[in-house]
Amino acid sequence: AEQSGKILAVSFQQRFRPVVEHAKQIIASGELGELVRVLLVEPWYRPAAYYRSAGWRGTWKGEGGGVLMNQGPHPLDLLCHLIGSPSKVWGWTRTRAHTIEVEDTAQAMLEYPNGAPGYLTLSTAEAGVERRMQIVGDKAVLELVDDALRIMRFTPSQSEFRAASQSMWDAPATQSEVINLPGDGGGHLAVYNDLEAAIRTGQRPRSDGRESIMGLELANAITLSSHLGTPVTLPIDRSAYAELLGHLRGE
């Protein structure tokens, strides 16, 4: 698209949820400060009937992966949209509960460019747990659960208090705020309106190709790391991933 000058928009509609837009503004303003840690928990429970409903489901040829390729793209995209891509990934994928070829559970430890750690878990074998994203910064914490955004601000920042406090046990004062910004749950109309605006004005779509490939790169890194049994750095070795995917597809 860049070489041809054409506009490419990817349908990551959850970027347009009001609560995500607000979280993005907070992070862009510098209110969180330097990244300290991140957590992503995404259970997308599916019974066996879901995988029996179509022959392509749960297969390497049909989907190219399991929870990472089907249910995971949207939360992985939001994670990368809000704080960028990690620099290193330790992945662990397993098929724990379903009779399918691909993974129904994926875990990963992440390392970001500043050394901050992260952890994520995605599963179609786990029910009854809220989907949650927690981003801890030096100055504040953001926690996103459905359409509620909780902000916990530190006074002073963690690093300032750590350096100046004379007490062995104290912690900085905190102030919490919960913001409810209900929307349509991430409908597609906003994506179409954004694309139309890009065509009319020449602006970049909110989820263009370069932005949108980050979540896919992270998913591929988790798969590659799990099968190699070692951590991988991003961007990953595409030839190594292509070789692995071909093997898993029986090509």
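Me: Which residues are buried in helix α1 (residues 18–28)?

Reply: This is a predicted model, where local features need pLDDT of at least 70, side-chain atom pairs count only at pLDDT 80 or more, and totals for chains, interfaces and linings use all residues. Residues are numbered from 1 along each chain as its sequence is written, and side-chain values use heavy atoms, with hydrogens and water left out. Buried means under 20% relative accessible area, exposed over 50%, partly exposed in between (1.4 Å probe, protein chains only). In α1, the buried residues are V19, V20, A23 and I26. They cover an arc of only 120° around the axis, which puts them on the same side of α1. That arc is taken from the directions from the helix axis to the C-beta atoms. Q25 and A28 are exposed on the other side.

Me: What do the buried residues of α1 pack against?

Reply: Contact means heavy atoms within 4.5 Å. The partners are α4 (73–83), β6 (140–145) and β7 (148–155). Helices (H or I, at least four residues) and strands (E, at least two) are DSSP runs, numbered from the N terminus.

Me: How do I read the packing of two helices?

Reply: Two packed helices are described by the angle between their axes and the distance between the axes. Axes are lines fitted to C-alpha atoms, for helices over the stretch in contact, and angles run from 0 to 180 degrees between N-to-C directions. For α1 and α4, the angle is about 30° and the axes are 9 Å apart. Angles under 35 degrees count as roughly parallel, over 145 as roughly antiparallel, 65 to 115 as roughly perpendicular and the rest as oblique. α1 and α4 are therefore roughly parallel to each other.
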